[in-house]
Amino acid sequence: MANRYPVTATTTLAPGKMRCFDVNGKRIILINVAGEFFATDEMCSHEEFPLWYGALRGHFVECSLHGSCFDVRTGQPTEEPATQPIKTYATEVEGDTVYVVMD
């Protein structure tokens, strides 16, 4: 059964920004793309490097270590050297709070 965890207020993460949070003992990145929130694992699947150090370009986050790129909607890699996806999590907004849904 999935659980919903409050993460932050919608006003604390501007569009085009991402930030790392601890959610239920796991480090995740919360990403705001044009007012829509996405959540992914913190680490790049290629070299276990924090993705939030990288660049966000629309729906894509680029790892600053080797340039791997991931679609934040699906977790799928779009640029090598990464070949494995990163885990994504559903998000919900209720009032001014962003929630992440995790198993």
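This note walks through a few features of the structure above.

1. The model is predicted. Keep that in mind while reading the points below.

2. **The start of the chain.** A2 sits in the segment before strand β1, which covers residues 3-9. Look next at M102. A2 and M102 are 100 residues apart along the chain, yet their C-alpha atoms are separated by 5.3 Å. Leaving out residues up to four places away in sequence, A2 touches V101, M102 and D103.

3. **A charge over a ring.** R4 lies over the face of Y99. The distance from the ring centre is 3.9 Å.

4. **The nonpolar cores.** Here is the general idea. Nonpolar side chains tend to be buried together in soluble globular proteins. In this model, the largest nonpolar core has 14 residues. Which residues have the most contacts inside this core? They are M18, I31, L51, V61, F70 and V72. Strand β3, residues 26-33, gives the largest share of the core, with three residues.

5. **A buried glutamate.** E42 is found in the loop between β4 (36-41) and β5 (55-57). Its relative accessible area is 10%; the cut-off for buried is under 20%, so E42 counts as buried. What surrounds E42? Leaving out residues up to four places away in sequence, E42 touches C20, R27, I28, I29, F49, P50, L51 and W52. With W52 there is also a polar contact: the two side chains are joined at 3.0 Å.

6. **Aromatic pairs.** How many aromatic pairs are there? The count comes to two. Together, ring pairs link F49, W52 and Y53 into a cluster.

7. Check each ring residue in turn. F49 has a relative accessible area of 23% and is partly exposed. W52 is at 30% relative accessibility, so W52 counts as partly exposed. Y53 is at 48%, so Y53 counts as partly exposed too. W52 links two of these points: W52 belongs to the ring cluster, and its side chain makes the polar contact with E42.

Conventions: Residues are numbered from 1 along each chain as its sequence is written. This is a predicted model: local features need pLDDT of at least 70, side-chain atom pairs count only at pLDDT 80 or more; totals for chains, interfaces and linings use all residues. Side-chain values use heavy atoms; hydrogens and water are left out. Helices (H or I, at least four residues) and strands (E, at least two) are DSSP runs, numbered from the N terminus. Contact means heavy atoms within 4.5 Å. A nonpolar core is a set of buried Ala, Val, Leu, Ile, Met, Phe, Trp, Tyr and Cys residues joined through side-chain atoms within 4.5 Å. Buried means under 20% relative accessible area, exposed over 50%, partly exposed in between (1.4 Å probe, protein chains only). A polar contact is a pair of N or O atoms within 3.5 Å; within protein, one must be able to donate a hydrogen and the other to accept it, and residues adjacent in sequence count only if both atoms are side-chain atoms. Rings of Phe, Tyr and Trp (its six-membered ring) pair if their centres lie within 6.5 Å; planes under 30 degrees apart count as stacked, over 60 as edge-to-face and the rest as tilted. A charge sits over a ring if NZ of Lys or CZ of Arg is within 6 Å of the ring centre and within 35 degrees of the ring normal.
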